[in-house]
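Reader: I have a new model open and would like to go through it piece by piece. Can you help me read it?

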Amino acid sequence: MSMTRLARLLVQEWRLFAANRSNLVLLTVLAALLGFSVANGVGRVNATQAAQQEAVAAATARWADARSQFVEITEGRREKQQFDDATRADLVLMSQRNALVLKPTPLALLSVGPAREGHDIVAVGVQARGAAGAASRENPAIRLDGPLDAAFVITWLLPLMLIVLSYDVLSRDREQQVAHMLASQGVGLGVIVLARLAVRFVAVFALTAGIVTVGVALVMQGELSRAIADLALWLSALAVFIAFWLALAAGVNARTKNSAAAGLTLMGFWIVISLLLPVVASQLLSGASAAPQRLDSVLGRRALDAELTELAAEVTERYYAENPARRPQTPAINEYEQYFVESYYPRQVALDAQFEPLARLVAARKVEQAERLRTAALFSPSMAMKMLTDDVAGYAPERWHRFDTAAAEFQAKWRAFYDIKFASRTPLTLDDYDDAPRVAYRDEHPHARAVRNTLPAIGLLLAILLAALAAHARLRRAGP
Amino acid sequence: MLTAIARRELQLQLRDGRLVVTVLLMLALIGAAVAVGWREHNEGERERQLFAERSYAQWLTQPPKHPHRAAAFGLYVAKPESPLAIFESGLRPHAGRTLWLEAHAQTAFSYAPADDDLAATVLPGERSGAALLQLLGGLVALVLGALAISRERETGVLRQILAQRVSPLRWAAGKYLGLVATLAIALVPLAVVVIAALVAITSPTERGDVAARALAGLFGNAAYLLAMLAIGMSVAMIARSSRAALIVALALWVAGSLLAPRIAAHLAVTLAPTPDAIAYRQAIGAEFASGYDGVPGWSEQLRQLEADTLVEHGVPSLDDLPIGYSGLRMKLMTAWTDQVSDRHYARLRAIYESQEHIRMAAAVLAPAIAARAYSHGMAGMDWSHYQHFSSAAETYRRDFNLVMNELIVHGTRGQAWEMDAGPEDWALVEPFHYDPPDARFALRQVQLPAAILIGWLALAWLLLALTARKLRP
Amino acid sequence: MLTAHRLHKRYGEQVALQALDLDIAPGQIYALLGPNGAGKTTTIQCFLGFLQPDGGQVRVDGIDPSTDPASARTRLAYIPEQVNLYGQFTGDENLHYFAELGGHRYSRREREALLADAGLQAAAFDQRVSAYSKGMRQKVGIAIALAKQARALLLDEPTSGLDPSASHEFSRLLQGMADRGVAILMATHDLFRAREVATRVGIMRGGVIRRELAPSELDARDLEAIYLEVMAA
């Protein structure tokens, strides 16, 4: 068949598709759901970006305020107070928390992911670093219901819509006894089915891709090349995902005379691929590679803290022996300051050093779980699509781990720069304010996300290959 | 005649290979979920026990330190779970079980498994046995109902049936009973297995309460499935073809079980937004500093305390006090913090209640939401049970905070702050003991979802009766 | 144009066609008469390539439809007993659609002409087919066949359910197509119409053509008598 004739066939099949009002209604419902979820995603990402900018600005402002007060004190325009003295390293540094932010990826609007509040902001200073905010107060019943994000719509609802659009792509012609007329025209039934599915593919893909792309354009802050790279990866996966479900419909319709039976069969596939396989994978994974147990690390940290508190004097002395420049040159100003400088801080440093491996273990377990899930995703296109979507939305543990490592490195740099002043009670200078280490974190390249999702991508490709081969084999011999 | 129709229907359904395979698959999945739930519950309870013991042991063996620092070190407590958690994990994945009780503020439950469990992100819902039963069982019931008369309609036998003496209503009732029997054959063994598992892991003293909860939970799930079956059959009665009935049934399932809970949740947080954690904390901080409704803020209260203390002890300055002023200050700060926190926590609880009302309003249109809420409640895994534990833990926290502050009062003099307390002081704090509420408490909490489920069942039966009367071939 | 040589077809144990021989030249109208189950529809389906013969040969303009169905079908037009079309399309849209499938592109005016030639009233061109009567759908089916410009036409009970004037009109159309050199195979119960329009008549029973004759040599009553005689044998 020539390309021109194929093109004309596609036009005819589009007209047939559009003449069925229920198809247009379904596309409208899909557009509404996607539009709604993407709009929410845009709002969420904008809120995160605003919160991050605010946190960074607040930290910068706090530092600038302290610097201004320092200048006023040195110029004699301001009195030193017991708890308000910008020349004292302990007071300034104990309250200064730099905000390190993990900016949302360009496709963060697609998924809420497992994240709680926190907007991916880490507070880093001389104290232990942590998320910049208290534990979430969100209603767990609401969290349990789950978000209506684009990842949910695309992973679970989109295949259902594709099934409804294509479950009777040939069986209805048989039921309505148009199939003989159709088959007698000289174009193979396989070609006709392919043309019909192509029309559905274009309609659904264009709609989905269009809405998501608009959303990405709204939240993208510069970084055009990264956005394009992420979008290209995700859209490719989306195309394969849509094609897979349509190919399944083709395979089922090849021999079915009963649309209801075809619909039921495709629903059965959906249940197995989108529900059963992920449930089984999830259950197996919870046994073989359980989520990291934070309670162990909590108790571990507390035990360490207690031990170090008991040996506080020894810990402090060891700290000064290892870091002679940090031994205080002047007596304590008051008992609060003495506690923080001579007891709390050396203990904190020792605690962080000893506890870091335990904290890394938690992160490593999450990475291990993610890797196993990606392997399991070889067997379920729905799992593959969800994992890939969550990854491009920025929820891969590897991404967080990279960021956390950078935060740890920055903290080490910050401490190395300041704690000699803090620990030895040496007054701050203007250079200390002006030469403060700066945060410069660059997120992972989209290439890393692509490499990480090799297995889910292979899973998707294998699925479409198998479905397409099966459909081709069955359609070759399909008759009216 | 009714039993004859029902018996025939049961025979036909049992001969349907596709149905048998589907149901077996569903049971295998739910069975596996129960097995996993059993393991998770056992491990969780063991861990909880160990955790509570170790946390308290850490408390007792703390080195000498300032009582306030000990209170800041605090204690961890973990919510115990009813054995029914093997079947219904409820809010646990998103609420966690542990509370950190420390000096400064009432904290939220921490370490929710869902925060770390990536495996949960590839599912559209929960993976507990109850969640799968409601999701897949609801689907099977709807589809069974929707295809209930497809055979008769497509072979033309329906015409002959309607021409007989049996009324369409009676015929439909007989078919319904037959389908109920089909579902029962599939699900009763599951119920037996779950109950046997519960008996195995429940202590004799708890068995009565667990049995009551299990039975009530069973009725709730049964009501939901029976309603879905009746709705499916109603759709079959009025649809013009089996295809139409099937599509409507599937659309109802997708809308009711997958979409509706998420839309309801979204509506709930839009209409009754939860304050974010930072805003919540800042609001408490602001009221702490400046007071509310005519009650003075911290500075004013501190000034008053100073004045009252000097008068009470008849000394000219705080340095002359025979007791520790720092301790008095800590007691006032703690009491004032608790008072302000209570106000905000009450507001938070009111927001949660509003959200729950909005979700239950949505349940009027989507009974799956009510079924889930009911199941959570009867298993002791809903917010009311978490709240019950949280209240008990908070009372305990305030008590031990008071003990620690008293130590400062009597362990220092004047305005001195530093002091060391030791193991004999830590032992003044008894271990945390918690009595979970009984089945009657659970039943009181689930009145609304129970009413919705019963309402839906009645409505579904009524709908079936009305549509059956109008049945045409 | 349409040839079958010792064509065999079985459905399990049941023999549908037994050594069937048929040769229809361009311009001929061959009426295949017989009761239900005689093998008429099976014969047509073999020519269309919808069924694979178990023995013998079937050719459409020298092409074997079982090995090269696409080529065979470009030379064939087919009107089934029940002309079912896409209800959500109008008559014109259905013609447009099927004509494109057949590899032909017609303008609106040309399609109107085809529909008019098939006897469909102009007012119905833009009505949805779901509102058409059986006769109207039949006419669209004829228009589709005309649009195909095929060299052979296969008809399965084309006049069943048509009123006499529609039937007559249909016969007129067939004659016109035969005059243009189209080979026509028509499976029918309608003895009267067969006698009126066919060049040759084959009476089929048990998968075999028992008698073949030229109806111009007979009147209707004779044809009926021969038919009944064949059935009784």
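**A sheet, a helix and an interface**

Author: Strand β5 of chain C and strand β6 (residues 152-156) of chain C run parallel and pair over 4 bridges. Strands are DSSP runs of E with at least two residues, and helices are runs of H or I with at least four, numbered from the N terminus; two strands pair if DSSP finds at least two bridges between them. The model is predicted, so local features need pLDDT of at least 70 and side-chain atom pairs pLDDT 80 or more, while totals for chains, interfaces and linings use all residues. Residues count from 1 along each chain as written, chains are lettered from A in the order written, and side-chain values use heavy atoms without hydrogens or water.

Reader: Which residue is the bridge partner of L76(C) in β6(C)?

Author: A152(C) is the partner.

Reader: What is the strand order in the open sheet of chain C?

Author: The order is β5-β6-β7-β3-β8-β9, with mixed pairing. At the edges are β5 (76-79) and β9 (208-213) of chain C, each pairing on one side only.

Reader: Now helix α15 of chain B. How many of its residues are buried?

Author: 12 of its 12 residues are buried, meaning under 20% relative accessible area with a 1.4 Å probe, protein chains only (exposed is over 50%, partly exposed in between). Among them is R372(B).

Reader: What does R372(B) meet in a salt bridge?

Author: The side chain of D145(A), at 2.9 Å, N to O. A salt bridge puts a side-chain nitrogen of Lys or Arg within 4 Å of a carboxyl oxygen of Asp or Glu.

Reader: How many salt bridges cross the interface of chain B and chain A?

Author: The rule finds 2.
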